[in-house]
Amino acid sequence: MSTTTQAGDIAVRSILIMADGERSDFDALIHPEARNREDVVGPAGGRGRGPAAFYATAQWLRGAFEGLSYEIDHVVAEGNLVAVNSTMKGRHVAPFVTYAVDGSVDTVFPPTGRTFAATQSHWLRIEDGLVVEHWANRDDLGQAKQLGWVPPTPAYLFRMARAKSRAKRAIRM
């Protein structure tokens, strides 16, 4: 198997474990100093480096989206750089909390029970058989429309405000 093929396989596995991988899967695929360049709205635990940060991001997504899965549509690899075009799917069953730069609660989307399928492109740099860097482009607006987040109804805006208040109280406890 060529190095490029191996890099592609590692990149694909690193995407798929976000849906159902155990912590040990992250330890096996993610370099201890790996950087997720998309960690700007997730919880504090996902803003660090290495397997623990990537796993924290997975837990954050899984906590809000039941049946989280990734369908791999295309993979292109050249040397140690891999691009993975995928579709993320799930059902919104719990509050989805986004965080500000300082780690405070920014926005909370209360569960809608709706399903979504949103396209994403992930770019990964692989070194010595491990992911060392990750970037992504996601159709967040498409996902938000499917989940009923936008355009928000007055009733949903009220639910968002109430959910944000609860999330802030939970963090203080």
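# A walk through the predicted model

The accessible surface of the protein comes to about 9,000 Å², and 55% of that belongs to carbon and sulfur atoms. Areas of this kind come from the Shrake-Rupley method with a 1.4 Å probe, and for residues only the protein chains shown count as cover. This is a predicted model, in which local features need pLDDT of at least 70 and side-chain atom pairs count only at pLDDT 80 or more, while totals for chains, interfaces and linings use all residues. Residues are numbered from 1 along each chain as its sequence is written, and side-chain values use heavy atoms, with hydrogens and water left out.

The protein has five helices and seven strands. Helices (H or I, at least four residues) and strands (E, at least two) are DSSP runs, numbered from the N terminus. Along the sequence they follow the pattern α-α-β-α-β-β-β-β-β-β-α-α. The radius of gyration is 17 Å, close to the 16 Å that the globule rule gives for 173 residues, so the protein is as compact as a globular protein of that length. That radius is taken over C-alpha atoms, and the globule rule is 2.2 Å times the number of residues to the power 0.38. Along the principal axes, the C-alpha atoms fill a box of roughly 55 × 30 × 25 Å.

Buried residues make up 42% of the 173 residues. Here buried means under 20% relative accessible area, exposed means over 50%, and partly exposed lies in between (1.4 Å probe, protein chains only). Of the contacts with a separation of 6 or more, 59% come from residues 24 or more positions apart; a contact means heavy atoms within 4.5 Å.

Five strands form an open sheet in the order E1-E7-E6-E3-E2, with mixed pairing. Strand E1 (30-36) and strand E2 (65-78) stand at the edges with a single partner strand each, so one side of each is left without a neighbour in the sheet. On average, neighbouring strands of this sheet are turned by 25 degrees against each other, direction ignored. Axes are lines fitted to C-alpha atoms, for helices over the stretch in contact, and angles run from 0 to 180 degrees between N-to-C directions. Strands of a sheet pair through backbone hydrogen bonds, either parallel or antiparallel. Two strands are taken as paired if DSSP finds at least two bridges between them.

E1 and strand E7 (residues 130-138) run parallel and are joined by three bridges. Within this pair, Ile-30 has Val-131 as its bridge partner, and Arg-35 has Glu-133. E6 and E7 run antiparallel, joined by eight bridges, with His-122 partnered by Ala-136 in E7. These two strands form a hairpin with two residues between them. Asp-128, in the loop between E6 and E7, has a positive phi of about 50 degrees although it is not a glycine. Asp-128 is exposed, with a relative accessible area of 80%.

Ser-86, found in strand E3, is buried, with a relative accessible area of 0%. Not counting residues up to four places away in sequence, Ser-86 touches Tyr-70, Glu-71, Ile-72, Asp-73, Ala-118, Thr-119, Gln-120 and His-122. Helix H4 (residues 140-147) lies across E2, strand E3 (81-92), strand E6 (115-127) and E7, and runs at about 150 degrees to E6.

Strand E4 (residues 96-99) and strand E5 (residues 105-109) pair in the antiparallel sense over four bridges. Val-97 stands opposite Val-108 in E5. Five residues lie between the strands of this hairpin, where Gly-103 takes a positive phi near 90 degrees.

The largest nonpolar core has 42 residues, of which Phe-26, Leu-61, Phe-65, Tyr-70, Phe-96, Ile-126 and Trp-149 touch the most other members. Helix H1 (residues 3-20) gives the most to this core, with eight residues. Such a core is a set of buried Ala, Val, Leu, Ile, Met, Phe, Trp, Tyr and Cys residues joined through side-chain atoms within 4.5 Å. Leaving aside neighbours within four places in sequence, Phe-96 is in contact with Trp-60, Leu-61, Ala-64, Phe-65, Thr-107, Val-108, Phe-109 and Trp-149.

A cis peptide bond joins Val-150 and Pro-151, with omega about -15 degrees.
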